[in-house]
Amino acid sequence: MKAIIVSDIHDDLKITSYLIDKVDREHYDNILIAGDIGYNSIIEFNKIASKIIAVKGNNDFSSFTNRASFLLPEVNYYVLNKKLFVLTHGDRLSFDDYMYYYGDKFDVFISGHTHVSKIEKVKDKIVLNPGSISYPRDGMKTYMIVDDNLIKLVDLNKNIIKEINYLEAVWII
């Protein structure tokens, strides 16, 4: 199984189409969206709703999130290779907040909101932010790919910026 992780699309329909096409063309099982999707992008993502695991961002207002054919909770979960991924936008619930309120029974924590990409190892957890594929604040339009054992931070030119073996939490790049 493999998945794409993105955040902070902010209704960029060119990027939305790119992602939908990538999921179909490259046979991704899921796309994890860490919030700030946007009204028109939500409508477009309804085409692949069965593959969407998402959360609501601070710019995803109830007046249009109810148009989604997929769930948009504050926190969502994904399991791959017996590893539990926690997905949140990050504006209301940080890694530390999640640990305090919900405990440490997870493996990978994903948030967006900052528009700055990161892959960090914190104790025995992996903390991810895919950055923004549309409006980055670190100068790189990025997303992440999760496959059998690796999480890769890549740019739109498919350059691998950083990767980690999430099954063993070992740095590759």
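Glu-44 counts as partly exposed, at 25% relative accessibility (buried means under 20% relative accessible area, exposed over 50%, partly exposed in between, with a 1.4 Å probe and protein chains only). Its side chain meets that of Lys-47 in a salt bridge, 2.5 Å from N to O, and Lys-47 is exposed, with a relative accessible area of 60%. Keep in mind that this is a predicted model: local features need pLDDT of at least 70, side-chain atom pairs count only at pLDDT 80 or more, and totals for chains, interfaces and linings use all residues. Residues are numbered from 1 along each chain as its sequence is written, and side-chain values use heavy atoms, with hydrogens and water left out.

**Salt bridges**

- Side chains of opposite charge can pair when their charged atoms come close.
- The structure holds twelve salt bridges, each being a side-chain nitrogen of Lys or Arg within 4 Å of a carboxyl oxygen of Asp or Glu.
- Glu-74 and Arg-92 pair up through their side chains at 2.7 Å, N to O.
- That pair links distant parts of the chain, 18 residues apart: Glu-74 is in the loop between helix 3 (62-65) and strand 4 (75-80), and Arg-92 is in the loop between strand 5 (83-88) and helix 4. Helices (H or I, at least four residues) and strands (E, at least two) are DSSP runs, numbered from the N terminus.
- Both ends count as partly exposed, Glu-74 at 35% relative accessibility and Arg-92 with a relative accessible area of 49%.
- There is also a network: salt bridges that share partners join Asp-21, Lys-22, Arg-25, Glu-26 and Lys-158.

**Aromatic rings**

- A search of the whole structure turns up twelve aromatic pairs. Rings of Phe, Tyr and Trp (its six-membered ring) pair if their centres lie within 6.5 Å; planes under 30 degrees apart count as stacked, over 60 as edge-to-face and the rest as tilted.
- Phe-61 and Phe-64 make an edge-to-face pair, 5.9 Å centre to centre with 85° between the planes.
- Phe-61 is partly exposed, with a relative accessible area of 47%, whereas Phe-64 is buried at 12%.
- Tyr-100 and Tyr-101 have ring centres 4.9 Å apart and planes at 85°, so this pair is edge-to-face.
- Ring pairs also tie Phe-95, Tyr-98, Tyr-102, Phe-106 and Phe-109 into a cluster.
- To count, NZ of Lys or CZ of Arg must be within 6 Å of the ring centre and within 35 degrees of the ring normal.
- The charged end of Lys-2 likewise sits over the ring of Tyr-28, 4.6 Å from its centre.

**Nonpolar surface patch**

- Tyr-77, Tyr-100, Tyr-101 and Tyr-102 make a nonpolar surface patch of about 570 Å². Patches are made of residues with over 30% relative accessible area and no salt bridge; like charges are joined within 9 Å, and nonpolar side chains (Val, Leu, Ile, Met, Phe, Trp, Tyr) within 5 Å. Accessible areas come from the Shrake-Rupley method with a 1.4 Å probe, and for residues only the protein chains shown count as cover.
- Helix 4 (residues 95-102) gives the largest share of the patch, three residues.
- Tyr-100 lies in helix 4 and is exposed, with a relative accessible area of 68%; Tyr-101 is exposed too.

**Nonpolar core**

- The largest nonpolar core has 25 residues, and those with the most contacts inside it are Val-6, Leu-19, Ile-31, Ile-33, Phe-45 and Phe-70. Such a core is a set of buried Ala, Val, Leu, Ile, Met, Phe, Trp, Tyr and Cys residues joined through side-chain atoms within 4.5 Å.
- Elements giving two or more residues to this core include strand 1 (3-6), helix 1 (13-25) and strand 9 (142-146).
- Helix 1 contributes the largest share, four residues.

- Most residues other than glycine have a negative phi.
- Asp-36 has a positive phi, near 55°; this residue lies in the loop between strand 2 and helix 2 and is buried at 2% relative accessible area.
- Lys-123 also has a positive phi, about 55°; Lys-123 lies in the loop between strand 7 (117-122) and strand 8 and is exposed at 73%.
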